[in-house]
Amino acid sequence: MLRKCLVHLKGWIVLYISLGFAIQFLSSLGIVVFQEILDRAVEGTSLGEISGFIVSYGVLLGLVVVLNYVDEYPSAHLSNSITERLKILALSKISKIDYLAYQEMGTGQMIKVIENGAAAGNSIIYSFFLKTLHELLPTIIFSLIFISFYDMRIMLVIAAGYVVIFLITNVLLKVLYRIKSTILQEQEAMSRYSIRGFMELVVFRTNRKYEQEIRKISDTARNIIHKSAQLQMIHESFFAIFELFITVIKVIVLIYGVRNVVSGQASLGVMVALFMFIDKIYTPIAIFNVLFVNYRLNKVTYQRFEQFINAPEDRNLEAGTAITELRGAFEFRDVSFGYGEVPVLRQLSFSIAPGTSVALVGLSGSGKSTIIKLMAGLLKKSGGQLLLDGMELDQVCLNSYYEHISYLSQDSPIFDDSIRGNMVFEQSLPDEELYAVLDKVHLKEKVLQLPEKLDTLVGEKGLKLSGGERQRLAFARAILQKRNVVILDEPVSALDNITEKSIMETVFREFQHKTVIIIAHRLNFIKEVDKILVMENGCLAGEGDFESLMEQCAPFRALWNNGRGIVE
Ligand SMILES: Nc1ncnc2c1ncn2[C@@H]1O[C@H](COP(=O)(O)OP(=O)(O)OP(=O)(O)O)[C@@H](O)[C@H]1O
């Protein structure tokens with residue numbers, strides 16, 4: 001995944017790293033020119049004779065400043081692009097993910113994984129790899145090369161210093177890593193509690209759960225603060241040890257340098273240049289150590305994002321036979337389905353003729369929504385045959401199928417957009433046409449009263465509308481879509497009896513000669529449908545019209561009579 005991201009940004013990456021090398025080369029060259037100026041001045045050379053060096057020094061420093069400024073653009077571009085690119089990849093994954101895998105993850109958890117993962121991916125590529133290649137590596141390379149020109153032995157002492165630093169930091173890294181892992185875990189727990197609290201206002205408020213949740217979050221926050229302070233102290237101890245170490249190296253070089261300057265083996269300029277290079281060469285190591293700890297921790301976070309990105313995809317969303325026309329005939333032949341190991345539908349067989357209306361009834365948990373999700377291609381059967389116009393649904397390209405169906409799901413058919421957006425998505429239709437349909441679902445007056453009318457935003461999951469208004473708005477969309485197959489999962493559960501009657505009359509009128517499949521708990525309109533399928537514990541307990549079922553199907557009779565308050 002990160003590789004994909006890198007390939008996408010390769011031009012910017014090459015530019016960024018090249019600029020890093022150029023900046024470090026020029027700034028190292030600046031030190032050498034400075035050394036030349038100093039040595040010539042000590043030797044008594046006139047200002048006129050060294051003016052060429054002084055100009056070169058000024059130009060070099062100026063170039064470094066300009067390049068550092070230019071460098072900001074690819075730097076900002078890359079740091080922002082990586083996070084955004086990973087988020088786009090995540091959304092594109094959701095568009096194809098297997099529905100069951102999506103359900104198992106849960107939205108709250110998924111948002112956290114994507115947010116943290118995209119940030120971690122950005123840190124891995126930008127803050128670790130790119131920063132190392134752009135800044136740290138060229139600084140070390142050029143400093144070592146230039147030092148070796150002055151004195152090979154000093155370069156060797158510095159290289160030995162690297163080994164000592166590596167050993168010390170490795171010990172510290174282990175401690176840091178342990179503490180940071182616990183902080184990460186605590187942060188994840190805190191984020192889980194907060195998301196839960198943000199999302200479940202009604203449940204938590206009415207169950208008086210917030211007090212307990214806030215207490216739990218406060219305890220976790222206290223732990224995070226304590227551990228973070230500990231971490232900071234260890235970080236700082238690393239820098240203190242590091243500074244001490246550099247001081248020792250500097251003293252060694254000073255003694256060595258003074259001896260050489262006194263004996264005439266080295267110049268003052270060379271000594272100053274060496275000191276400048278020592279500072280330059282060790283700073284990247286200190287930075288690298290910090291970056292490396294973060295890299296290791298980010299890798300753990302990123303692995304979770306990768307698991308999400310590698311989740312199974314819907315196998316026939318894009319593949320399979322494309323449908324150009326849909327009659328709307330369904331046939332279940334011994335279809336079985338289970339969630340994991342738990343069987344839900346057992347060898348189910350029934351058929352739905354094109355252009356007819358069918359109601360799925362049965363007790364809660366009997367498998368009605370599961371059947372509908374199988375028909376919508378969201379779930380995949382584990383056995384038997386599910387035929388659509390005589391074709392196995394598993395072989396059909398679902399994206400082409402979706403162009404011919406309207407599906408109103410039970411959970412929330414309304415999304416965070418305007419009334420208009422919810423009716424037509426991106427399509428542009430005249431307002432009169434939209435109001436005519438809103439009139440059919442008894443929403444016209446309501447919409448006209450809203451401040452922004454059709455452009456009023458309905459909030460996340462349509463929360464600014466009542467449950468019944470949401471259902472009616474969803475109906476308006478289905479009416480406008482004019483599809484041959486209409487699948488409705490509990491479309492009137494939130495409506496009062498009077499509105500329900502009127503809306504169902506509209507449904508039967510608007511969707512006449514279309515295949516209409518409705519799940520219903522309330523059976524008020526049940527006599528209007530062509531066929532009723534009665535579900536009981538994942539099996540078909542009966543099928544037929546109202547009269548025949550009342551005669552022959554005891555479970556249906558029980559549903560009907562209980563609905564009217566009559567116990568059999
Ligand atoms: N994602 C899931 N994972 C595991 N089990 C599930 C899942 N979704 C549904 N089930 C189980 O499958 C069974 C059938 O559920 P389904 O939603 O199809 O019933 P239903 O008849 O539509 O119920 P209701 O009328 O209450 O909506 C139930 O026992 C339910 O607990």
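Let's begin with tyrosine 99, which sits in helix H4, a helix covering residues 99-105. Keep in mind as you look that this is a predicted model. From there we can move on to the ligand and then to the whole protein.

- Is tyrosine 99 buried, exposed or partly exposed? Tyrosine 99 counts as partly exposed because 15 other C-beta atoms lie within 10 Å, while a buried residue would need 20 or more and an exposed one 12 or fewer.
- Leaving aside residues up to four places away in sequence, tyrosine 99 touches Asp314, Leu378 and Leu379.
- Proline 312 is 213 residues away from tyrosine 99 in sequence, yet their C-alpha atoms are 9.1 Å apart in space.

**Around the ligand**
- Among the residues surrounding the ligand are Gln103, Tyr339, Val344 and Lys368.
- Helix H10 (residues 368-375) gives the largest share of this shell, with three residues.
- Sorted by class, the shell holds eight polar, two nonpolar and one charged residues.

**The whole protein**
- The protein has 18 helices and 10 strands.
- Its C-alpha trace spans about 120 × 50 × 45 Å along the principal axes.
- The radius of gyration is 35 Å, whereas a compact globule of 568 residues would have one near 24 Å.
- Of the 568 residues, 30% are buried.
- Among contacts with a separation of 6 or more, 77% join residues 24 or more positions apart.

Conventions: Residues are numbered from 1 along each chain as its sequence is written. This is a predicted model: local features need pLDDT of at least 70, side-chain atom pairs count only at pLDDT 80 or more; totals for chains, interfaces and linings use all residues. Helices (H or I, at least four residues) and strands (E, at least two) are DSSP runs, numbered from the N terminus. Two residues are in contact if their C-beta atoms, placed from the backbone, lie within 7 Å. The radius of gyration is taken over C-alpha atoms; the globule rule is 2.2 Å times the number of residues to the power 0.38. A residue is near a molecule or strand if its C-beta atom, placed from the backbone, lies within 6 Å of it. Ala, Val, Leu, Ile, Met, Phe, Trp, Tyr, Cys and Pro count as nonpolar, Asp, Glu, Lys and Arg as charged, and the others, Gly among them, as polar.
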